[in-house]
Amino acid sequence: MGRAVVIGAGGQIGRPAVQALARDGWEVTAASRGGGRDGNWPGEVRTRRLDREDDAALGVLIGDGCDLVVDLVAYGARHARQLTGLADRIGAAVVVSTVSVYEDGEGRGFDTMGEPDGLPRYPVPIGEDQVTVPPGDASYSTGKVALERELLSAAGRLPTTVLRPGAIHGPHSPLPRELYFVKRNLDGRRRRVLAFRGESLFHTSAARNIAELIRLAAARPGSRVLNACDPRPPTVSEIGAAVDAVMGVETETVLLDGPARASVGSSPWSAELPVVCDMSAAERELGYRPVVSYPDSLPETVEWLARRLSGQDWREAFPSLARIYPDLFDYAAEDAWFAARQA
């Protein structure tokens, strides 16, 4: 297949991506901040330590040239220009973006969800031709749009497949949403509350399915944008039930007809309106077939989460999750809500 360089190889997507490419016959160089310490790689995989912000180090990593660059941590126009500046030494690229780039056509998107009338009303499903937020540096979403546009404008020099995953899940995640259910079960909480009757839909993306898309795109270079999600998004209630099944516990779920009561009923998937992506383009252009379903992917995720939590506060184990969802485990508020409900 040739030489492939994977940037961000030690992360949630990087590990299965390196393994998928190596199995396909690529000569893989796995680059990450920790180098060889970041993964248990197949013996033929080379490891390199890399600071993504160091232009010179990236140039040295690419060396005299490679057939493929997979960039899992690129963000903003500057990182795109880093890659396009090396276009004469790179055969093709696969770069990960996000579904949060989408706007509903009325100026609403992920960045406006907390504003009055800011909840986006996306079509179901969302196709890749859906309008996006403007490019810029105002937010994560606008930065990803800037990245996409800069790369796609250089399609003639560097063919790039842009992948847009949803709620990524799997081991080694800095933002493991499944912790919401796993920790409650480990803590012996057998009652929980879910807003919007537990019917919230935020399209999930297994890291292993994203890795499969990377493998397929690597074998079919081109300039394209593709959604990168699981075959069928589970509702938040179905996610909870699937986690319970893996952990062998039984729980009682109380469903709220509307939004959460402050922190009570709020989860990392809570949304009144669905976010569901169309995967037909990936199927048509790359022959994509998911390699794992959401329930089948859960056992390794649950095991990894339980291991990370052992003897460690969840905020220390997952600081990014704690920063975004500081009240994720407000048990006192839940107990007070249940007591008031029964009074």
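In this predicted model, helix α5 passes helix α7 in a right-handed crossing. Two packed helices are described by the angle between their axes and the distance between the axes. For α5, which covers residues 179-186, and α7, which covers residues 236-247, the axes come within 9 Å and cross at roughly 45°. An angle counts as roughly parallel under 35 degrees and as roughly perpendicular from 65 to 115, and α5 and α7 are therefore oblique to each other. If you wish to find the place where they meet, look on the α5 side for F181, V182, N185 and L186, which are in contact with V236, I239, G240, V243, D244 and M247 of α7. Sorted by class, the residues of this contact between α5 and α7 are seven nonpolar, two polar and one charged.

Helix α5 also packs against α9, and here the angle is about 60°, with the two axes 10 Å apart. That angle makes α5 oblique to α9, and α5 passes α9 in a right-handed crossing. The residues that meet are L179, V182, K183 and L186 from α5 and V302, L305, A306 and L309 from α9. This contact of α5 with α9 consists of seven nonpolar residues and one charged residue, with no polar residue among them.

On the α1 side the contact is made by P16, A17, A20 and L21, while α6 brings A207, R208, A211, I214, R215 and A218. Eight of the residues in the contact of α1 with α6 are nonpolar and two are charged, and none is polar.

The elements that give two or more residues to the lining are α1 (14-23), α6 (207-219) and α9 (294-309), and α1 gives the most, with five residues. The lining of the second largest pocket is made up of eight nonpolar, nine polar and five charged residues.

Now move to helix α3, residues 76-84, in which A77 is found. Leaving aside residues up to four places away in sequence, A77 touches A146, L147 and E150. Between A77 and Y294, which are 217 residues apart along the chain, the separation of the C-alpha atoms is 33 Å.

Finally, consider the backbone at two places in the loops. Most residues other than glycine have a negative phi, and most peptide bonds are trans. Against that background, V124 and P125 are joined by a cis peptide bond, with omega about 0°, and P125 lies in the loop between β5 (90-96) and α4 (140-153). What is the phi of H172 near? The phi of H172 is near 70°, which is a positive value in a residue other than glycine. You can find H172 in the loop between β7 (167-169) and α5.

Definitions and conventions:
Residues are numbered from 1 along each chain as its sequence is written. This is a predicted model: local features need pLDDT of at least 70, side-chain atom pairs count only at pLDDT 80 or more; totals for chains, interfaces and linings use all residues. Side-chain values use heavy atoms; hydrogens and water are left out. Helices (H or I, at least four residues) and strands (E, at least two) are DSSP runs, numbered from the N terminus. Ala, Val, Leu, Ile, Met, Phe, Trp, Tyr, Cys and Pro count as nonpolar, Asp, Glu, Lys and Arg as charged, and the others, Gly among them, as polar. Axes are lines fitted to C-alpha atoms, for helices over the stretch in contact, and angles run from 0 to 180 degrees between N-to-C directions. Angles under 35 degrees count as roughly parallel, over 145 as roughly antiparallel, 65 to 115 as roughly perpendicular and the rest as oblique. A crossing is left-handed if the near helix is turned anticlockwise from the far one by less than a right angle, and right-handed if clockwise. Contact means heavy atoms within 4.5 Å.
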